[in-house]
Amino acid sequence: MLAVCLAAEGRARAQACCAGGTVVTPARLALHEDLALGVEVRARSNVGSFDASGRYASSDGVEQILEQDVAGSVRVTRQAQVGAVVPIVQTHRTAGTIDDWGGGVGDVALNARYDFLLATEALYWPGVALLAASTLPTGTPPDRASHPLAADATGAGTYDLTVGVSLEKARGHLFAGVNGWLTHRFARTISVGGGPAVNESFSARWTLLGVASYVFDDEAAVGLYVSMLDEGPATIDGARDDSTSLRLTTLGAAGVLPIRDLWRVQGSAFLDVPIASFGRNEPTGFGMTASLVRVWL
Amino acid sequence: MVLALALDVAASPPSPSLSDIVLRAHDGRTLALASLVPERRLTVVVFFSATCPCFAAHRSRLAALARELEARGVQFVIVDSERHAPGEPPPAEVAETGLPIWRDDGARFARRLEARYATETFVFDAAGALRYRGGIDSDRRTLTPAPRAYLREALASLLEAKAPPLASAKALGCALRTR
């Protein structure tokens, strides 16, 4: 009888207790973590772009972007956490005979998360969280860049506000999550090359992120994700411009390795899907990320 | 301010009523806490999860503590308040320890104590007063050589008729699947 009991408990599967949610968001606080500070390197090479109708074309030039982020999150209550990301963006572009390097501080991003129910707290119900974020225009927007290929542009040039919902479920070794965000980008006035000022306002932007991962007994995890971004046409000086809508679809693989409960190393590789209609008015490419995060319990 | 903090740390947490709490064993035996608690000097209630790596990591420490302090009048009650899927029978014993697991159907006891995490521990004296609540120690999943041994320190103080150094401490286990 005792042997049967011991075997039963021994067979019990470890659960995706605490690490599943950090596969694609390394600075997010997991259960019991009160503070996280990390650095992330994101390298990206753009090899083509989508036009306004969604047709993909490869590029003759070179565009490489290296982003180095400092990220932090702090727990405010048992269910709430807030965070910030400060990026340093460096860009290399070539076109014809022009070779342009530039960079600087990018747009600072703030984020918040409130977990109503954790992914492991209910047998059947998924974990539910409310997400919020904002981007501050601390970078240099393209219209204010001074380099010939605007390699010194590091930001979008406007504030934005985002609200979202996260649904996550952990069962045994498996973890799955879907996040949806709605972003409002505030209007901005741009003036290129000293020309007349133009007022630009934006349609709402939807972003969806789906992730599925496998969490090992030591809480290391590997996963796949897909993200989709879609934004309607912008309005230029009061006139809607149907050629300005945005879309981008990205596939990625990611992994996280916790080190003695206080550190985690995270990495990912991603690819923007270069298939017609999977993008619109966006550069496409591939890249990778690597992060090192220190957490405090 | 410092005095207020110190008093807060030393004060016992509010004691929940145990009078109607009955746990159930794998073989159908029942355990009424109201009659069990007065039998020993101290009763340690530890919330269990079969799937929590943090609990699994602490099994041997719990077993060692239970063996070491049994003769001094300390009893351990391991409680499973989690919901189990059909075909997922609740385990009867904590592996490698021989400690029986008592079912808390409907998570009634966990709700009474406001227990949220596996490894969360509650220490009652013989009068049923709650003297400590919190983690077993300061380790989560990775065991370190010299953690802050919250539970051991609390038990040692209480066995010497002193207040525990900390009346409550952070419990670092998995969220209990009680819904």
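**Notebook: a predicted two-chain model**

Entry 1, chain B. I began with the contacts of chain B: among those with a separation of 6 or more, 70% are between residues 24 or more positions apart. I note at the outset that this is a predicted model. I then looked up the secondary structure of chain B and found 5 helices and 7 strands. Following the sequence, I read their pattern as α-β-β-α-β-α-β-β-α-β-β-α.

I next asked how far chain B extends. Its C-alpha atoms fill a box of roughly 55 × 35 × 35 Å along the principal axes. The radius of gyration of chain B is 15 Å; a compact globule with 179 residues would have a value near 16 Å, so the two agree. I recorded that 41% of the 179 residues of chain B count as buried.

Entry 2, chain A. I turned to the confidence values. The pLDDT of chain A averages 88, and 92% of the residues score at least 70. Residues 1-14 of chain A, however, have a pLDDT below 50, and in the model this stretch has 26 contacts beyond near neighbours in sequence.

For chain A I listed 1 helix and 17 strands. The C-alpha trace of chain A spans about 85 × 35 × 35 Å along its principal axes. I checked the radius of gyration of chain A, which is 21 Å; it agrees with the value near 19 Å that a compact globule of 297 residues would have. Buried residues account for 35% of the 297 in chain A. Of the contacts in chain A between residues at least 6 apart in sequence, 59% join residues at least 24 apart.

I followed the pairing from strand E7 onward. Strand E7 (residues 160-171) and strand E8 (residues 174-185) of chain A are antiparallel and share 12 bridges. One bridge I located sets Gly164(A) against Trp181(A) in E8(A). E7(A) and E8(A) make a hairpin with 2 residues between them, and Gly172(A) in the turn has a positive phi of about 60 degrees.

E8(A) also pairs with strand E11 (residues 205-215) of chain A, in the antiparallel sense, over 10 bridges. Here I found Leu174(A) with Tyr214(A) in E11(A) as its bridge partner. E11(A) in turn is joined by 11 bridges to strand E12 (residues 221-231) of chain A, again antiparallel. Across that pair, Trp206(A) stands opposite Asp230(A) in E12(A). E11(A) and E12(A) form a hairpin with 5 residues between them, and Glu219(A) in its turn has a positive phi of about 70 degrees.

Entry 4, an open sheet in chain A. I looked up a sheet of 4 strands with antiparallel pairing, in the order E9-E10-E13-E14 (chain A). Which strands stand at the edges? They are E9 (188-190) and E14 (239-241) of chain A; each has a single partner strand, so one side of each lacks a neighbour in the sheet. From one strand to the next, the twist averages 35 degrees. Strand E13 (residues 234-236) of chain A pairs with E14(A) in the antiparallel sense over 3 bridges. In this pairing I found Thr235(A) opposite Arg240(A) in E14(A).

I looked for the largest nonpolar core, which has 63 residues; Val46(B), Phe47(B), Phe48(B), Ile78(B), Val79(B), Ala118(B) and Val123(B) have the most contacts inside it. Which elements give two or more residues to this core? Chain A supplies strand E17 (283-296), while chain B supplies strands E3 (42-48), E4 (74-80), E5 (101-103) and E6 (121-125) together with helices H3 (53-70), H4 (108-113) and H5 (150-159).

Leaving aside neighbours within four places in sequence, Val79(B) is in contact with Leu23(B), Val45(B), Val46(B), Phe47(B), Phe48(B), Trp102(B), Asp104(B) and Phe109(B).

Key: Residues numbered from 1 in each chain as written. Chains lettered and ligands numbered in written order. Predicted model: local features only at pLDDT ≥ 70, side-chain atom pairs only at ≥ 80, totals over all residues. Pairing = 2+ DSSP bridges. Axes fitted to C-alpha atoms, helices over the stretch in contact; angles between N-to-C directions. Rg over C-alpha atoms; globule rule 2.2 N^0.38 Å. Buried ≥ 20, exposed ≤ 12 C-beta atoms within 10 Å, placed from the backbone. Contact = placed C-beta atoms within 7 Å. Core = buried A, V, L, I, M, F, W, Y, C linked by C-beta atoms within 7 Å. pLDDT = per-residue confidence, 0-100.
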